[in-house]
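I set down each look-up in the order in which I made it.

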Amino acid sequence: SLGLLFYNRPDIGNMIRFAAIASFVSYVAAPTYTILNSFGKQNSNLRISILVSVEGLILIYFFAAIPSLNIYGYGITLILTSLTALFLNIREIKKVCDMRVSLKEVLPFPFIGLISYFILNPLEKSSMNLPLVAKVVLIVVLGSVLVYFLDRMYKKFSKAYSTNSFI
């Protein structure tokens, strides 16, 4: 739908979906550079930036040579380099401050996204009779409302059970 809406090409939709995954990983990794900088770890920041840049050049060189990947090779490179940067930056951050991340705090968000996708995907397929702009607006509004309510339900559920010792 977005490929048709913005570019009037149906084949771009899959690329936009793949770019969403790459953007999410990059979005999570980007603030870690700032955190390192604020801790005065500019040398570590520079070292990791150079390493990730070299990794990106090598990966794009190899993935661009595979004709079946096309633009997806860049997306794969972006995901892999962002994951590398995230891992290395968090390792450096942990040297400076005690950082503990609980799976209980992290796992609900991908699950909320997956549940929303599995609810909205059939809806998007069944609303073929609507005009394109109306369909996109409907999916965006319903998706936002769905994510909001799923997040509230999770918070209410986790707060109700947080007093138990087994969680």
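**Entry 1: basis.** I worked from a predicted model, in which local features need pLDDT of at least 70, side-chain atom pairs count only at pLDDT 80 or more, and totals for chains, interfaces and linings use all residues. I numbered residues from 1 along each chain as its sequence is written, and side-chain values use heavy atoms, with hydrogens and water left out.

**Entry 2: salt bridges.** How many salt bridges does the structure hold? I found 3, taking a salt bridge as a side-chain nitrogen of Lys or Arg within 4 Å of a carboxyl oxygen of Asp or Glu. As background, side chains of opposite charge can pair when their charged atoms come close.

**Entry 3: the network.** I noted that Arg47, Glu92 and Lys95 are linked in a network of salt bridges. In the pair of Arg47 and Glu92, the closest N and O atoms are 3.4 Å apart. Helices here are DSSP runs (H or I, at least four residues), numbered from the N terminus.

Glu92 also forms a salt bridge with Lys95, with 3.0 Å between the closest N and O atoms. Both of these residues lie in helix α4, 3 residues apart, which is about one turn of the helix.

I then looked up accessibility, with buried meaning under 20% relative accessible area, exposed over 50% and partly exposed in between (1.4 Å probe, protein chains only). Glu92 is buried at 3%, Arg47 is partly exposed at 46%, and Lys95 is exposed at 55%.

**Entry 4: packing of α3 and α4.** Two packed helices are described by the angle between their axes and the distance between the axes. The axes of α3 and α4 come within 9 Å and cross at roughly 160°. I took axes as lines fitted to C-alpha atoms, for helices over the stretch in contact, with angles running from 0 to 180 degrees between N-to-C directions. The two helices, α3 and α4, are therefore roughly antiparallel (an angle over 145 degrees).

Which residues make the contact? On α3 they include Arg47, Leu51, Leu59 and Phe63, and on α4 they include Tyr74, Leu80, Leu88 and Glu92; contact means heavy atoms within 4.5 Å. I recorded 11 nonpolar, 7 polar and 3 charged residues in the contact of α3 with α4. Nonpolar covers Ala, Val, Leu, Ile, Met, Phe, Trp, Tyr, Cys and Pro, charged covers Asp, Glu, Lys and Arg, and the others, Gly among them, count as polar.

**Entry 5: helix α7.** Lys155 and Asp151 meet through their side chains in a salt bridge (3.2 Å, N to O). They are 4 residues apart in helix α7 (residues 132–161), about one helical turn.

Is Asp151 buried or exposed? Asp151 is buried, with a relative accessible area of 17%, whereas Lys155 is partly exposed at 49%. Leaving out residues up to four places away in sequence, I found that Asp151 touches Phe109 and Ile112.

I also looked up Tyr148, which is found in helix α7 and is partly exposed at 45% relative accessibility. The C-alpha atoms of Tyr148 and Ile112 are separated by 9.4 Å, and the two residues are 36 residues apart along the chain.

Definitions and conventions
Angles under 35 degrees count as roughly parallel, over 145 as roughly antiparallel, 65 to 115 as roughly perpendicular and the rest as oblique.
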